Amino acid sequence: MRKRNTRFNPIVLSALIIIALYFLVLGLMAAQKVLAPLVLAWVLALLVYPIAQLLEKKGLHCLLSTSFVVGVVFVAFIGISGIISLQVRSFLEDADVMKERLSPVAQKVELFVLAHTPLERSKLEAYKTTYGLNDDADRPKGKVTSPEVAQEEAFLMLGKVLGTAADFLLMFVYLFFFIHFRHMFYTFFIKLFPDSIKNNVSRAMNDSARVVRHYLNGRLILMVILVVLYSLGMWISGAEDFFLISFIAAFLSLIPFIGNMAGYVLALFIGLLSGGEVYTLVGITVTFLIVQFLDSYVFQPIILGNKVNVHPFFIILAVIIGNAIWGIIGMVLSIPIIAIITVILRETPDAKAFTYLLSNGDDRKK
């Protein structure tokens, strides 16, 4: 009897993969509220579970060790949020002063635009009114929000705050279970596969955890270094709110390629708003150039090395897709997830082509 060929046509197979990916992305976007805290907790568990493991080896009960680790992470999140809130509050208190400093600059720009472009003042005023750029004196008065509308807006705001707080607390519940029952989850995934490839599955899981842990630990160290260097440079330059700017710029560095430029633009913008002199703006620029050079060519090779082993093109693509799916959380999680995918493909015999495509140039030469 003639053996039947069951291989798919490559074109049909490629089309099916594209369709499957399309619906996968739609599903991830629709399930963001459920999956985003879950995935974030999973990645955090990969980062901190060795601490619980170490405490258990020292004789501490597994429940206490897990509770201690989750409590430390919780306190760290609360502390960082508190620092940002205080700095943002300080920045908002100075907003009126910054507006007064920026007003003469805005008037000069407005006069220049009217003198050198076909734009008429009436249209310019219409644009300013549309985008809320007019002064309070030029805005229509006497418009009072009804108590019913104000109450409805207050309830909507309260609902959003409570929803965010619930997601935040739920993430720590997930984190607790991922750490405390890590052996159960590990055994479950091992049992999903036949004995012939269990070694590959175990190696892929261990390598994935090691890559994510190394990357996130390195990023945390780099963030601290960046905060110190940015703060020092902008303090010398005379920039206001330099710690807030430094912290946000360091946090944005979690987003590769895009974050560094966004941090610099933010620092320059706040420098302009605060009426910074030319010396201050030049100092901010020089600070970011020097720190980014040190970060790219000194700190990252030493601290991060080449553990992620993903081609820069696919890192950028992963960041863009992560932003489209889950916003900022997706951008932060994009590199650990693409690194895990690469590790899994490396342990899959039939995925050598994808491993070659995703890996960086150094890996291809081996």
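## Burial and the overall fold

A residue is called buried when its relative accessible area is under 20%. By that criterion, 31% of the 366 residues in the protein chain are buried. The model described here is predicted.

The protein chain contains 14 helices and 0 strands. Read from the N terminus, its elements therefore follow the order α-α-α-α-α-α-α-α-α-α-α-α-α-α under the numbering of DSSP runs. Of the contacts between residues at least 6 apart in sequence, 70% join residues at least 24 apart.

## Confidence in the model

The mean pLDDT of the protein chain is 78, and 75% of the residues reach 70 or more. Among the elements, helix α7 (residues 182–191) has the highest mean pLDDT, at 89, while helix α14 (residues 361–364) has the lowest, at 54. Over residues 136–144 the pLDDT is below 50. Beyond near neighbours in sequence, this stretch of residues 136–144 has 4 contacts in the model.

## Helix α2 and Ala45

Helix α2 covers residues 32–57. With 26 residues at 1.5 Å a residue, α2 should span 38 Å, and the 37 Å between its end C-alpha atoms agrees with that expectation. After α2 comes Gly59, whose phi is positive, near 110°.

The buried residues of α2 are Ala36, Pro37, Val39, Ala41, Val43, Leu44, Ala45, Leu46, Leu47, Val48, Tyr49 and Ala52. Ala45 belongs to this group because its relative accessible area is 6%, and the cut-off for burial is under 20%. Apart from neighbours within four places in sequence, Ala45 is in contact with Leu175, Phe178 and Ile179. Phe178 is 133 residues from Ala45 along the chain, yet their C-alpha atoms are separated by 6.3 Å.

## The crossing of α8 and α9

Where do helices α8 and α9 meet, and at what angle do they cross? The axes of helix α8 (residues 198–237) and helix α9 (residues 242–252) come within 8 Å and cross at roughly 145°. The crossing is right-handed. On the α8 side, the contact is made by Met223, Leu226, Val227, Tyr230, Ser231, Met234 and Trp235. On the α9 side, the contributing residues are Phe242, Phe243, Ile245, Ser246, Phe247, Ala249, Ala250 and Phe251.

## Ile284 in helix α11

Ile284 lies in helix α11, which comprises residues 278–303. Is this residue buried or exposed? Ile284 counts as buried because its relative accessibility is 0%.

Tyr230, one of the α8 residues in the contact with α9, is 54 residues from Ile284 along the chain, with their C-alpha atoms separated by 8.7 Å. Leaving aside neighbours within four places in sequence, Ile284 is in contact with Met234, Ser237, Ala239, Tyr264, Ala267, Leu268 and Gly271. Met234 also takes part in the contact between α8 and α9.

Helix α12 (residues 312–346) spans only 17 Å between its end C-alpha atoms, whereas a straight helix of 35 residues would span 51 Å at 1.5 Å a residue. There is a kink of about 145° in α12, centred on Trp326.

Ile344 is placed in α12. Ile344 is classed as partly exposed because its relative accessible area is 43%, a value that falls between the limits of 20% and 50%. Not counting residues up to four places away in sequence, Ile344 touches Ala204 and Ser208. The C-alpha atoms of Ile344 and Asp207 are separated by 8.8 Å, although the two residues are 137 apart along the chain.

## Leu111 in helix α4

Leu111 is found in helix α4, which runs over residues 95–116. Leu111 is exposed because its relative accessible area is 53%, and exposed residues are those over 50%. Leu111 and Arg121 are 10 residues apart in sequence, and their C-alpha atoms are 9.5 Å apart in space.

Definitions and conventions: Residues numbered from 1 in each chain as written. Predicted model: local features only at pLDDT ≥ 70, side-chain atom pairs only at ≥ 80, totals over all residues. Heavy atoms only, no water. Helix = DSSP H or I, 4+ residues; strand = E, 2+ residues; numbered from the N terminus. Buried < 20%, exposed > 50% of the residue type's maximum accessible area, 1.4 Å probe, protein only. pLDDT = per-residue confidence, 0-100. Contact = heavy atoms within 4.5 Å. Expected span 1.5 Å × (residues − 1). Bend = angle between axes of the 7 residues up to and from the residue. Axes fitted to C-alpha atoms, helices over the stretch in contact; angles between N-to-C directions. Left-handed = near helix turned anticlockwise from the far one by under 90°.
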